[in-house]
Amino acid sequence: MKILTTNYISCAVKACKSTSLSFPLHFQDAVLVQEEVDFKPEFITNILPRIEWEALKITAVELGFTTLPAQKPEATEEAPLDPQVLKDLHTLLLETQVTEGKLVCANCKHVYNIHQGIANFLLPNHLALPLIMITNF
Amino acid sequence: MSRPEDTLPPDLFYNDVESHKYTTSSRIQSIQSSMTQRALQLLALNSPSMILDIGCGSGLSGEHLTSSGHIWVGMDISASMLAIALDRDAEGDLLLADMGQGVPFRPGTFDAAISISAIQWLCNADSSDVSASGRLSRFFDGLYSSLKRGGKAVLQFYPKNETQRTMITSAAIRSGFGAGLLEDDPDTKNKKLYLVLTVGAGRDEVVGDAVAGRDVTEVVKGLEGVDVIDERRKGGKSGKGKELKGSKSWILRKKEQNRNKGKSVKADSKYTGRKRRVAF
Ligand SMILES: C[S@@+](CC[C@H](N)C(=O)[O-])C[C@H]1O[C@@H](n2cnc3c(N)ncnc32)[C@H](O)[C@@H]1O
Ligand SMILES: [Zn+2]
C-alpha cells in the first residue's frame with residue numbers, strides 16, 4: 001500500500017465518521033518496500049492540494065521518515081514547484097509501500113491488517129452500520 | 001444462463017476457481033477492456049489522476065487505468081480475486097472491502113471513480129442481514145463524499161430488470177449526484193449500461209443555471225441513446241423531489257423508512273406498488 005493511499009484512507013467504522021481522531025490511521029509493525037513507479041510530475045501537482053500535510057507528517061514519522069518539510073510545498077504563479085521537490089514527493093507517496101503491518105484507528109482502536117500490501121477493511125456489520133439498522137434484525 | 005448474483009454472495013461466488021476462470025477467459029478480458037476504455041472516455045480526464053476502482057476484482061479494469069497514466073486504488077470483497085490481482089502485478093493499491101458497507105476514504109480525495117460490472121451485486125441479498133436499499137445508500141453516500149468537487153464516476157452495471165435499474169439510479173441521485181444513463185448497443189444482447197455521475201453543482205448548489213444533471217448533459221451530449229436523469233424534468237420519477245406519491249419507488253422508500261423505525265412491514269415483491277384489479 002502506497003503512502004499516498006494512507007493519506008486518503010480513514011476508519012470505516014460508522015461511529016468514527018464524525019471525529020477527526022479517526023484520521024490518519026496509525027501504523028504499527030510496518031514492513032516497507034521501495035518499488036519503482038513511473039514519475040509523472042503532473043500527477044503530483046494534481047493531487048498535492050488534496051494531501052493532508054499534517055497527517056502525512058504523522059505517517060512519515062511513524063514509518064521513520066523525518067525529513068518532510070514542516071509546511072506543504074505550494075506552487076505559485078511565479079514559482080512552480082522545484083522538480084526535485086516533486087521527485088521527492090513521488091518517491092515518498094508512490095514508491096514507498098507498506099507490505100505488512102497494521103493500521104490502527106486512534107478513536108475506536110479498530111485494527112486493519114495489511115498483508116501482502118492488501119488492507120482488510122471488511123467490518124462486522126455491527127461496526128459498519130448505524131445502530132438503527134441493526135436493531136431491526 | 002442464470003445470473004451469478006442470484007446464486008451466491010459475491011465473496012463466495014468469486015472463489016479461487018471462479019476467479020481464475022473469470023480472469024483467464026479471453027472473451028471476458030476483451031469485454032472488460034472495452035468497457036473500461038469506454039468509461040475512461042466518458043470520464044474525459046485531462047491529467048494523470050487518482051482513481052477509485054470499485055469492485056476491481058483481479059485488476060482487468062485497473063490495468064487500463066495504469067496504461068492511461070493514472071494511479072488507482074481498488075476495492076473488492078473477494079479475497080480470491082485480489083490474490084489474482086497480486087499475481088498479475090496490479091499497479092493499483094488493493095483493499096479488501098465491501099462497498100455495501102461504505103467507501104472508507106477521507107472526503108474529497110479522488111479525482112474520479114469507475115466500476116465495471118460490479119454494482120448490480122448490491123441489489124442482491126448477501127451474507128449480511130442488511131437490506132439492499134440500505135447497502136446502496138451507504139455505497140453512494142460514501143462514493144459521493146470520497147470524490148472531489150467536480151469529480152466524476154462512471155459505473156457500468158448489469159441490472160437484472162427495470163426495478164434494479166431504477167433502484168440503483170435513484171439511490172445515486174438521493175446521495176446528491178447529478179446522474180445520466182448511457183446505453184451502448186441498446187436492444188441487443190451485448191447492450192451495456194453506464195451510469196455517469198457528477199459531484200458538485202448538486203441539488204443544494206445552484207451556480208447560475210448549472211444544476212444537477214447539467215454537467216452530465218455535457219458529458220454524454222451527442223452520444224446516442226443517452227438518457228439524462230434530470231431532476232427538473234417534468235414528471236420525472238427518478239429525482240427524490242419529483243417522486244410520485246404512491247409510485248413503486250415511493251412505496252419502497254416508505255417501507256424502508258418504516259422498517260428502519262422497527263415497524264413490521266410486508267416484504268417487497270414484484271407486485272409491490274402495482275395497481276390492483278378492482279375486487280368485486
Ligand atoms: C464481474 S467482476 C468485475 C471485476 C473488474 N472490475 C473487471 O472489470 O474485471 C465483479 C466484481 O465485483 C466484486 N464485488 C461484488 N460485490 C461487491 C461488494 N459488495 N463490494 C466489493 N466488491 C464487490 C466481485 O468480488 C467481483 O470481483
Ligand atoms: Zn475508528
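In the predicted model described here, local features need pLDDT of at least 70 and side-chain atom pairs count only at pLDDT 80 or more, whereas totals for chains, interfaces and linings use all residues. Residues are numbered from 1 along each chain as its sequence is written, chains are lettered from A and ligands numbered from 1 in the order in which they are written, and side-chain values use heavy atoms, with hydrogens and water left out.

Cys105(A) is buried because its relative accessible area is 0%, whereas Cys108(A) counts as partly exposed because its relative accessibility is 31%.

Chain A as a whole contains six helices and four strands. Helices (H or I, at least four residues) and strands (E, at least two) are DSSP runs, numbered from the N terminus. Read from the N terminus, the order of elements in chain A is α-β-α-α-α-β-β-β-α-α. The C-alpha trace of this chain spans about 60 × 30 × 25 Å along its principal axes. Of the 137 residues in chain A, 45% are buried.

In chain B, strand β7 (residues 192-198) is mostly covered, with seven of its seven residues buried. Lys192(B), Tyr194(B), Val196(B) and Thr198(B) point one way from β7(B), while Leu193(B), Leu195(B) and Leu197(B) point the other way. Two strands pair if DSSP finds at least two bridges between them. Strand β5 (residues 147-157) of chain B runs antiparallel to β7(B) and is joined to it by six bridges; Lys152(B) has Thr198(B) as its bridge partner in β7(B). Strand β6 (residues 178-184) of chain B also pairs with β7(B) in the antiparallel sense, over seven bridges, and here the partner of Gly180(B) is Val196(B). Leu155(B) lies in strand β5 of chain B and is buried, because its relative accessible area is 0%. Although 126 residues separate Leu155(B) and Gln29(B) along the chain, their C-alpha atoms are 18 Å apart.

The expected span of a helix is 1.5 Å times one less than its number of residues. Helix α3 (residues 26-43) has 18 residues and reaches 26 Å from its first C-alpha to its last, close to the expected 26 Å. Its buried residues include Ile28(B), Gln32(B), Met35(B) and Leu43(B). Ala44(B), which follows α3(B), has a positive phi, near 45°. Helix α7 (residues 162-174), with 13 residues, reaches 18 Å between its first and last C-alpha, close to the expected 18 Å. Among the buried residues of α7(B) are Gln164(B), Arg165(B), Ile168(B) and Ile173(B). At the start of α7(B), a side-chain oxygen of Asn161(B) reaches to within 3.2 Å of the backbone nitrogen of Thr163(B). Gly176(B) follows α7(B) and has a positive phi, near 110°.

A residue is near a molecule or strand if one of its heavy atoms lies within 4 Å of it. Around ligand 1 there are 21 residues, of which Tyr22(B), Gln32(B), Gly55(B), Asp76(B) and Asp98(B) come nearest. A polar contact is a pair of N or O atoms within 3.5 Å; within protein, one must be able to donate a hydrogen and the other to accept it, and residues adjacent in sequence count only if both atoms are side-chain atoms. Gln32(B) places a polar side-chain atom 2.8 Å from an oxygen atom of ligand 1. A polar side-chain atom of Asp98(B) lies 2.8 Å from a nitrogen atom of the ligand, and a backbone N or O atom of Ile116(B) lies 3.1 Å from a nitrogen atom of ligand 1. Elsewhere in chain B, the side chains of Glu5(B) and Gln120(B) are joined by a polar contact of 2.8 Å. Glu5(B) lies in the segment before α1 (10-13) of chain B and is buried, because its relative accessible area is 7%.

Note on methods:
Buried < 20%, exposed > 50% of the residue type's maximum accessible area, 1.4 Å probe, protein only.
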